[in-house]
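Hi,

Here is the structure I promised to pass on. Have a look at it first, and my notes follow below.

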Amino acid sequence: MRGGAQSHLMRCDDGHYYVVKFQNNPQHRRILVNELLGTKLAARLGLPTTPVEIVYVSEDLIRLTPDLCVEMPRTRIPCQAGMQFGSRYPGDPRRLTLHDFLPDKQLMQVENLNDFAGMLAFDKWTCNTNGRQTLFYREPQDGQGPQEERYRTLMIDQGFCFNAGEWNFPDAPLRGLYARNRVYEGVRGRESFGPWLERIEKHMTERVLDERIREIPPEWYGDDLDALLRLAEQLHRRRTKVPELLLAAKNTTRQPFPNWT
Ligand SMILES: Nc1ncnc2c1ncn2[C@@H]1O[C@H](COP(=O)(O)OP(=O)(O)OP(=O)(O)O)[C@@H](O)[C@H]1O
Ligand SMILES: [Mg+2]
């Protein structure tokens with residue numbers, strides 16, 4: 001697949017296809033933690049994500065598949081065997097066309113466009129230091145006759161939450177925003193984020209965070225459980241900071257929320 005992590009599309013033994021990021025990806029080993037933890041927390045908040053799994057890739061498969069390698073500036077090294085991160089392709093790749101971007105006109109036909117506001121609250125909370133990335137796909141049409149095309153969006157790539165491999169939170173007003181303001185046209189004020197803010201504050205308990213942490217393969221974080229626990233503690237503490245982070249985004253000259261009055 002395209003992108004800095006050099007992920008691979010793989011069919012897994014549950015019959016689904018996954019975009020797999022390997023432990024020895026060129027970005028950072030910890031982005032696998034960020035993807036699994038971040039995506040599961042976003043899903044728990046009710047945001048539209050793809051199902052994510054720990055994918056086991058055997059030594060044999062890598063040895064027999066020359067394409068399973070990581071391109072470095074001067075060399076190619078084989079992908080590492082073992083537990084990897086997988087983000088499920090939301091259908092059959094031979095039939096379902098996905099788009100990384102949509103033109104503004106089609107953006108207005110995205111049924112769950114309001115989820116971009118919720119995802120921004122999440123990205124502020126987790127200090128995603130990449131712009132927000134999503135996938136779009138056409139909703140299958142049931143009726144006959146000419147119908148407006150409908151799209152849905154899915155949030156992908158939580159690899160740079162918690163500032164990628166750094167696991168700190170260098171908050172900045174424009175961080176985490178989607179490239180097009182159009183997706184935030186439904187935002188009328190702080191109350192537009194209300195349900196998300198409430199879920200972050202009330203549902204992201206220490207227990208929920210702890211449960212998520214225990215299921216992460218220790219090799220993804222170099223067995224440094226202390227670092228991971230510190231990350232969870234900071235996340236817990238930052239829950240109440242999200243409104244002020246959103247306000248700082250609102251007050252930038254970019255004016256991402258044209259209808260916030
Ligand atoms: N669950 C998924 N289903 C289908 N396609 C996906 C999925 N996850 C990622 N992709 C595709 O794979 C590409 C790379 O994914 P992703 O952005 O997560 O990796 P990345 O290496 O961090 O990329 P970048 O460095 O460009 O941000 C995406 O542009 C997207 O098209
Ligand atoms: Mg990406």
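Before the strands, one convention: two strands count as paired if DSSP finds at least two bridges between them. Also keep in mind that this is a predicted model.

On that basis, strand S1 (residues 8–11) and S2 run antiparallel and are joined by four bridges. Within this pair, Leu 9 has Val 19 of S2 as its bridge partner. The two strands form a hairpin with five residues between them, and there Gly 15 adopts a positive phi near 90°.

S2 has another partner too: strand S6 (residues 82–88) pairs with S2 in the antiparallel sense, again over four bridges. Here Val 19 sits opposite Ser 87 of S6, so that residue turns up in both pairings.How enclosed is S2, then? Five of the five residues in S2 (residues 17–21) are buried, so the strand is largely enclosed by the rest of the structure. In a regular strand, side chains alternate between the two faces of the sheet. For S2, both faces are covered: Tyr 17, Val 19 and Lys 21 are buried on one side, and Tyr 18 and Val 20 are buried on the other.

Now the ligand. Ligand 1 is surrounded by 19 residues, and the closest are Gly 3, Gly 4, Ala 5, Ser 87 and Asp 157. The elements giving two or more residues to this shell are S6 and strand S8 (133–138). Sorted by class, the shell around ligand 1 has eight nonpolar, seven polar and four charged residues. Ser 87 is worth a look on screen: this residue of S6 stands opposite Val 19 and is also among the closest to ligand 1.

Cheers

Terms used: Residues are numbered from 1 along each chain as its sequence is written. Chains are lettered from A and ligands numbered from 1 in the order in which they are written. This is a predicted model: local features need pLDDT of at least 70, side-chain atom pairs count only at pLDDT 80 or more; totals for chains, interfaces and linings use all residues. A residue is buried if 20 or more other C-beta atoms lie within 10 Å of its own, exposed if 12 or fewer, and partly exposed in between; C-beta atoms are placed from the backbone. A residue is near a molecule or strand if its C-beta atom, placed from the backbone, lies within 6 Å of it. Ala, Val, Leu, Ile, Met, Phe, Trp, Tyr, Cys and Pro count as nonpolar, Asp, Glu, Lys and Arg as charged, and the others, Gly among them, as polar.
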